[in-house]
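Student: Could we go through this structure together, one step at a time? I would like to see how each answer is reached.

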Amino acid sequence: MNGLKDNLLNLVTWVRLLLICLFLVARWMVLVIINVLVAAQFLFVLITGEKNESLNSASAMMSAYLLQIINYQTFASDTQPWPLSEFPDSASEPVDVVFED
């Protein structure tokens, strides 16, 4: 029973809960930005027939940041999201997921 009391009084866990709640707002804002980037990229492709590399780069950065937030919130990572740590590297190419029967 002492373990449960220690867990409930663990300040690190309560601080994490506060950060999770704060990053819920950040995650929502990032999703709004991603939706704007999606619409802008679609219009750019519709008008020019080609992707805009600046929009593509911004989308990759926002996606990497969103993943950093989700990994922290789901306890997949103990690294606190930016601005409490480094901004995630978005240099890698997106991974194509293929589902096979």
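**Rings and core**

Tutor: In this predicted model, tyrosine 65 counts as buried, because its relative accessibility is 6% and buried means under 20%.

Student: Which elements give two or more residues to the largest nonpolar core, and which of them gives the most?
Tutor: The largest nonpolar core has 13 residues, and Tyr65 is among those with the most contacts inside it, as are Phe23 and Ala26. The element that gives the most, with seven residues, is helix 2.

Student: How is the aromatic pair of tyrosine 65 and tryptophan 82 arranged: stacked or edge-to-face?
Tutor: A pair of aromatic rings is described by the distance of the centres and the angle of the planes. For tyrosine 65 and tryptophan 82 the centres are 5.8 Å apart and the planes are at 80°. Because planes over 60 degrees apart count as edge-to-face, the arrangement of tyrosine 65 and tryptophan 82 is edge-to-face.

Student: Which residues do ring pairs link into a cluster?
Tutor: The rings of tryptophan 82 and phenylalanine 87 have their centres 5.6 Å apart and their planes at 75°, so this pair is edge-to-face. Tryptophan 82 also pairs with tyrosine 65, and the cluster linked by ring pairs is therefore Tyr65, Trp82 and Phe87.

Student: Is phenylalanine 75 buried or exposed?
Tutor: Phenylalanine 75 is found in the segment after helix 3, and arginine 16 lies over the face of its ring, at 3.9 Å from the ring centre. Because its relative accessible area is 53% and exposed means over 50%, phenylalanine 75 is exposed.

Note on methods. Residues numbered from 1 in each chain as written. Predicted model: local features only at pLDDT ≥ 70, side-chain atom pairs only at ≥ 80, totals over all residues. Heavy atoms only, no water. Core = buried A, V, L, I, M, F, W, Y, C linked by side-chain atoms within 4.5 Å. Buried < 20%, exposed > 50% of the residue type's maximum accessible area, 1.4 Å probe, protein only. Helix = DSSP H or I, 4+ residues; strand = E, 2+ residues; numbered from the N terminus. Phe/Tyr/Trp six-rings, centres within 6.5 Å; stacked < 30°, edge-to-face > 60°. Lys NZ or Arg CZ within 6 Å of the ring centre and 35° of its normal.
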